[in-house]
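Work through the exercises below with the sequence and the model in view, and try each task before reading its solution.

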Amino acid sequence: MESKFWSRMFLAAAVFNFLMGGPIMLAPKGSYALAYIPLLTGDDAIALKFWADFGFSVLLIGVGYYLVSRDVTKNHSIVWLGVFAKLFDVIVLSYRFAIGVAKALVIFPAVIDGVFVLLFVLFLYKTHQQPLQLPREKLSCESTLKA
């Protein structure tokens with residue numbers, strides 16, 4: 001039952017990344033205008049290309065969450081990557097809003113990413129496997145000498 005919850009949660013994270021990254025990648029000018037102040041001008045064409053590249057990165061990380069959702073016993077490194085990526089997003093978007101270069105709309109994905117950070121960390125904590133423990137007799141020198 002718990003495995004099903006985590007699988008659905010990672011699927012939701014993937015869908016969220018697809019919904020955020022897709023428009024950024026496919027419609028960089030419009031998505032930038034929704035999120036940031038001031039608007040980019042014609043001289044900032046390279047900035048829009050970097051913004052579109054960022055959208056692709058968001059989509060790519062979403063593919064990673066999808067892979068985790070297919071088997072939550074594997075790919076925990078992707079989850080760690082997600083923790084750091086989403087935490088970065090929470091901090092940067094909140095900061096950019098606070099200093100007045102981003103619109104209030106950016107707080108929406110920042111809050112959702114913050115929730116995912118907490119869920120990802122909880123997942124990693126709950127699924128942390130104990131290191132393999134060998135039986136004591138296998139570790140003692142006496143058992144080796146008796147053989």
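**Exercise 1: a leucine and its patch**

Leucine 11 is partly exposed, with a relative accessible area of 39%, where partly exposed is the range between buried (under 20%) and exposed (over 50%), for a 1.4 Å probe and protein chains only. The model is a predicted one, in which local features need pLDDT of at least 70 and side-chain atom pairs count only at pLDDT 80 or more, while totals for chains, interfaces and linings use all residues. Residues are numbered from 1 along each chain as its sequence is written, and side-chain values use heavy atoms, with hydrogens and water left out.

Task: find which helix holds leucine 11, and which residues form the nonpolar patch on the surface.

Solution. Begin with the location: leucine 11 is in helix H1, helices being DSSP runs of H or I with at least four residues, numbered from the N terminus. Next, the nonpolar patch is formed by Leu11, Val15, Phe18, Leu19, Phe56, Leu60, Val63, Tyr66 and Leu67, which together have about 790 Å² of accessible area. H1 and H3 are the elements that give two or more residues to this patch, and the largest share, 5 residues, comes from H3.

**Exercise 2: a lysine in H4**

Task: decide whether lysine 86 is buried or exposed, and list what it is in contact with.

Solution. Lysine 86 lies in helix H4 and is buried, at a relative accessible area of 4%. Leaving aside neighbours within four places in sequence, lysine 86 is in contact (heavy atoms within 4.5 Å) with Phe16, Asn17, Tyr65, Asp113, Phe116, Val117 and Phe120.

Key
Patches are made of residues with over 30% relative accessible area and no salt bridge: like charges are joined within 9 Å, nonpolar side chains (Val, Leu, Ile, Met, Phe, Trp, Tyr) within 5 Å. Accessible areas come from the Shrake-Rupley method with a 1.4 Å probe; for residues, only the protein chains shown count as cover. A salt bridge is a side-chain nitrogen of Lys or Arg within 4 Å of a carboxyl oxygen of Asp or Glu.
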